[in-house]
Amino acid sequence: MSENSEKNINVLFAGIGGQGIIRASDMLTEAAFRMGYDVKKSELHGMSQRGGSVSSDVRFGKKVLSPMIPEHEVDYLVAVSSDQIEVCKPFLNEHTIIIRPEDLPEEDRNSKMINTAMLAKLNAYLKFPHDLWIQLIRENFKGEIAEQNIAIFQKTEQNSAQ
């Protein structure tokens, strides 16, 4: 990530209501803020209560002027639901890295913690400190749920490093 330090990083989270899109984008926003970046975030809930599309833009860098990612400027698409890739096409470009459920082990694709696993996949590119993510997971989840999220984050992180 250091070679892009002058360029803002644009991350688009997309999925279906109930998949933790907003929570994942909140965690990335907080991680980038704690790393010292200027951060802006926006979200579109759609018909999330009925399983509709949900998306969230997270932009961070030296100076971010707008929370909305312009067309063709997504650096990373975190598609928690693969059917949302087509919906997001106007924001993608030839360099966009798409992180999709198929990048996870099969047993994790239908997990309620898929959003945390996808954050670990994203972090393989961002390279934010491991301890920062563990701290954020503990702040966002409590008790056994926190421990389960830490376990899936670490498992995905290890698989991504191989």
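Tutor: Two strands pair if DSSP finds at least two bridges between them. The model is predicted, so keep that in mind throughout. On that pairing rule, five strands form an open sheet in the order E2-E3-E1-E4-E5, and the pairing is mixed. Strands E2 (38-44) and E5 (97-99) are the edges. Each has a single partner strand, so one side of each lacks a neighbour in the sheet. On average, neighbouring strands are turned by 15° against each other, with direction ignored.

Two helices pack on this sheet. Helix H1 (residues 21-34) touches E1, E2 and E3, and its direction makes about 5° with that of E3. Helix H4 (residues 114-126) touches E1, E3, E4 and E5. The direction of H4 makes about 165° with that of E4.

Now look at E1 itself. What is its burial? Strand E1 spans residues 9-16, and eight of its eight residues are buried. Which way do the residues point? Ile9, Val11, Phe13 and Gly15 point one way. Asn10, Leu12, Ala14 and Ile16 point the other way. Both sets are buried.

Which strands flank E1? In the sheet order, E1 stands between E3 and E4. With strand E3 (residues 53-61), E1 pairs in the antiparallel sense over eight bridges. Leu12 is opposite Asp57 in that pairing. With strand E4 (residues 76-79), E1 runs parallel, joined by four bridges. There, Val11 faces Tyr76. Phe13 has Val78 as its bridge partner in E4.

H1 meets helix H5 (residues 130-140): their axes come within 10 Å and cross at roughly 135°. Angles over 145 degrees would count as roughly antiparallel, and 65 to 115 as roughly perpendicular. The H1 and H5 pair is therefore oblique. H1 passes H5 in a right-handed crossing. On the H1 side, the contact is made by Arg23, Met27, Leu28, Glu30, Ala31 and Arg34. On the H5 side stand Leu132, Trp133, Gln135, Leu136, Ile137, Glu139 and Asn140. By class, that contact has seven nonpolar, two polar and four charged residues. An α-helix has 3.6 residues a turn, so residues three or four places apart point the same way.

H4 has a helix partner too. H4 and helix H6 (residues 143-161) pack at about 35°, with axes 8 Å apart. This crossing is right-handed. H4 supplies Thr116, Ala117, Leu119, Ala120, Lys121, Asn123 and Ala124. H6 supplies Asn149, Ile152, Phe153, Thr156, Glu157 and Ser160. The classes are six nonpolar, five polar and two charged.

H5 and H6 also meet. Their axes come within 9 Å and cross at roughly 155°, and the two helices are therefore roughly antiparallel. H5 passes H6 in a right-handed crossing. His130, Trp133, Ile134, Ile137 and Arg138 of H5 meet Ala146, Glu147, Asn149, Ile150, Phe153, Gln154 and Glu157 of H6. That contact has six nonpolar, three polar and three charged residues.

What is buried in H5? Leu132, Trp133, Ile134, Leu136 and Ile137 are. The cover over the buried residues of H5 includes H1, H4 and H6. Trp133 and Ile137 are listed in the contact with H1 and also in the contact with H6.

Last, the backbone. Most residues other than glycine have a negative phi, and most peptide bonds are trans. Two residues deserve a check. His72 has phi near 65°, a positive value. His72 is in the loop between E3 and E4. With a relative accessible area of 48%, His72 is partly exposed. Lys127 has phi near 60°, again positive in a residue other than glycine. Lys127 is in the loop between H4 and H5. Is Lys127 buried or exposed? At 60% relative accessibility, Lys127 counts as exposed.

Definitions and conventions:
Residues numbered from 1 in each chain as written. Predicted model: local features only at pLDDT ≥ 70, side-chain atom pairs only at ≥ 80, totals over all residues. Heavy atoms only, no water. Buried < 20%, exposed > 50% of the residue type's maximum accessible area, 1.4 Å probe, protein only. Axes fitted to C-alpha atoms, helices over the stretch in contact; angles between N-to-C directions. Contact = heavy atoms within 4.5 Å. Parallel < 35°, antiparallel > 145°, perpendicular 65-115°, else oblique. Left-handed = near helix turned anticlockwise from the far one by under 90°. Nonpolar A, V, L, I, M, F, W, Y, C, P; charged D, E, K, R; others polar.
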